Amino acid sequence: MGDLWWQHGIVYQIYPRSFQDTNGDGVGDLNGITRRLDYLQNLGVDAIWVSPIYPSPMADFGYDVADYCGIHPMFGTLSDFDRLLEAAHGRNLRVILDFVPNHTSDQHPWFLESRSSRTNPKRDWYIWRDAKPDGGPPNNWISNFGGSAWQWDEATGQYYYHAFLKEQPDLNWRNLEVRAAMYDTLRFWLERGVDGFRVDVIWHLIKDAQFRDNPPNPGYQPGQPEIDRLLQVYSADQPEVQEVVREMRSVLDEYPERVLIGELYLPLERLMAYYGENLEGAHLPFNFQLLQAPWRADALTTLIEEYEQALPQGGWPNWVLGNHDRPRIAARVGEPQARVAAMLLLTLRGTPTLYYGDELGMPAVPIPPERVQDPWEKNEPGLGFNRDPERTPMQWDGGPGAGFTAGEPWLPLSADFKARNVATMSEEPTSILNLYRRLIATRRAEPALSVGSYHQVAAGPDVLAYERRHGDRRLLIALNLCMQGRPMPPTASAGRILLSTHLDHADQVPSDTLRPGEGVLVAF
């Protein structure tokens, strides 16, 4: 266990629009990622996951794919991608691509054919249904971005299904030709040397064959997204999806050391099904519990223990603190606790995924109404669903454009970018950036952290504590999740501090008290 690169490594998610612009148009590009590979190598991560870069009308910023085997000109060319891949591999960095198989753009050639007539050979590549007798949609399914998930097509007199925007029609994954075509797109990138895929909304791929109405959600509260009005019993997470996941995995298994990661917002017991029987499913069904859990020691202790207990025999765990769809960790818990969260993420058992900018403690950036980009916010405005605040440009230095662009950035910069940037924080010995670097270096040096076992440790209120063990090596992690001092776990007195989130007190005997918002790593 732990021998494979994706087990002992660390994944770093890049939202390419916001990482580095090299041509002054205010939008990041592939050459920008290549330019910043030395930074990523110095940070110590092992793989980069790049959000969609395919040709797209950008109705949902690349998650509406018009060509699965190309690069959007905004990001560069296939040659630029090949150079990025070569440069990354030359630094021992793996490259993971986003794969968006649930839906295409309505401008994809496949959909243009499918929409052209009811008799077109690709008609069944998408999900078309007749209207109800009253002319209404085939069932009550709701789009994830609000409103009906069915769009009427006047020309052919049927509705098509879209789990997201109407510009994102869902593919029919019950059609074997669709599967074959999509698996060929995976091979296109695998042949170029891509090291794996993060599969978007993998649990959506198969829908109920009878298209039954979803039942109402008895726990729905006003102010929640409209999608939550119903329980997604029939529109997602169907048993037949496991066959598709196994087939995807078998495509990756044709190539050595590739990783399949699945995006899954599901309860724990359903999440585990995506490892597959005999571990023939996704290598890493994404575990998003830290994105959704209350920031309390008791709640986190319980969810970690439940996750560990639920894993199938041989299933490898993973943890995520932030991504392009959820508020940043510093926005959720504040910067002192964001430091504690960094220690949590990088000392838990399993593969951690970092989100670009979280190593700077980047906040949620306010977006003026006239600069809103996110289609979800435009569909359901003012309800707090805007994802733009966590997608703002990376802050490299204190100069114009924060070193991200010579032009006008596509989204606003954080107001504190002159202080909160890579150049400035690299020179501050106790910055959160240097904490991340130290944590990553420590994880790399200590097999107990990268591949060791996990053991819960009893601790007082507001303190989350556990040990990681490998051979004779024992490491205690004690995290104070409140902003008052709390007692140190008694066992700590027998060890010495290897690392504190305050970046002081190294190689000292631990005191009896954890300082407010402090995490410590104690070696025995």
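**Helices and buried residues in a predicted model**

Student: How do α6 and α7 lie relative to each other?
Tutor: Let's start from the angle, keeping in mind that this model is predicted. The axes of α6 and helix α7 (residues 241–252) come within 10 Å and cross at roughly 30 degrees. Angles under 35 degrees count as roughly parallel, so α6 and α7 are roughly parallel to each other.

Student: Which residues of α7 make the contact with α6?
Tutor: The two helices pass in a right-handed crossing. On the α6 side, the contact is made by R179, Y183, L186, R187 and L190. Facing them from α7 are E243, V244, E247, M248, V251 and L252.

Student: How many charged residues are in the contact of α6 with α7?
Tutor: Sorting that contact by class gives seven nonpolar residues and no polar ones. The charged residues number four.

Student: What span should helix α4 have, going by its number of residues?
Tutor: Helix α4 runs over residues 78–90, which is 13 residues. The expected span is 1.5 Å times one less than the number of residues.

Student: Which residues of α6 meet α4?
Tutor: From α4, the contact takes in L78, F81, D82 and L85. Across from them, the residues of α6 are F188, W189 and R192.

Student: What is the handedness of the crossing of α12 and α15?
Tutor: The axes of helix α12 (residues 335–347) and helix α15 (residues 432–445) come within 10 Å and cross at roughly 15 degrees. These helices are therefore roughly parallel to each other. The crossing of α12 and α15 is right-handed.

Student: How many nonpolar residues does the contact of α12 with α15 have?
Tutor: In α12, E335, A338, R339, A342, M343, L345, L346 and T347 take part, meeting I432, L435, Y436, L439, I440 and R443 in α15. By class, one residue of this contact is polar and three are charged, while the nonpolar ones number ten.

Student: Does S450 count as buried or exposed?
Tutor: S450 lies in helix α16 (residues 447–450). Leaving aside neighbours within four places in sequence, S450 is in contact with Q7, H8, W316, R443 and R468. Buried means under 20% relative accessible area, so at 9% S450 counts as buried.

Student: How far apart in space are S450 and D3, C-alpha to C-alpha?
Tutor: Along the sequence, 447 residues separate S450 and D3. In space, C-alpha to C-alpha, their separation is 10.0 Å.

Student: What is the relative accessible area of L479?
Tutor: L479 is found in strand β14 (residues 473–480). Leaving aside neighbours within four places in sequence, its contacts include V340, M343, L344, Y466 and L514. L479 is buried, and its relative accessible area is 0%.

Technical notes
Residues numbered from 1 in each chain as written. Predicted model: local features only at pLDDT ≥ 70, side-chain atom pairs only at ≥ 80, totals over all residues. Heavy atoms only, no water. Helix = DSSP H or I, 4+ residues; strand = E, 2+ residues; numbered from the N terminus. Axes fitted to C-alpha atoms, helices over the stretch in contact; angles between N-to-C directions. Parallel < 35°, antiparallel > 145°, perpendicular 65-115°, else oblique. Left-handed = near helix turned anticlockwise from the far one by under 90°. Contact = heavy atoms within 4.5 Å. Nonpolar A, V, L, I, M, F, W, Y, C, P; charged D, E, K, R; others polar. Buried < 20%, exposed > 50% of the residue type's maximum accessible area, 1.4 Å probe, protein only.
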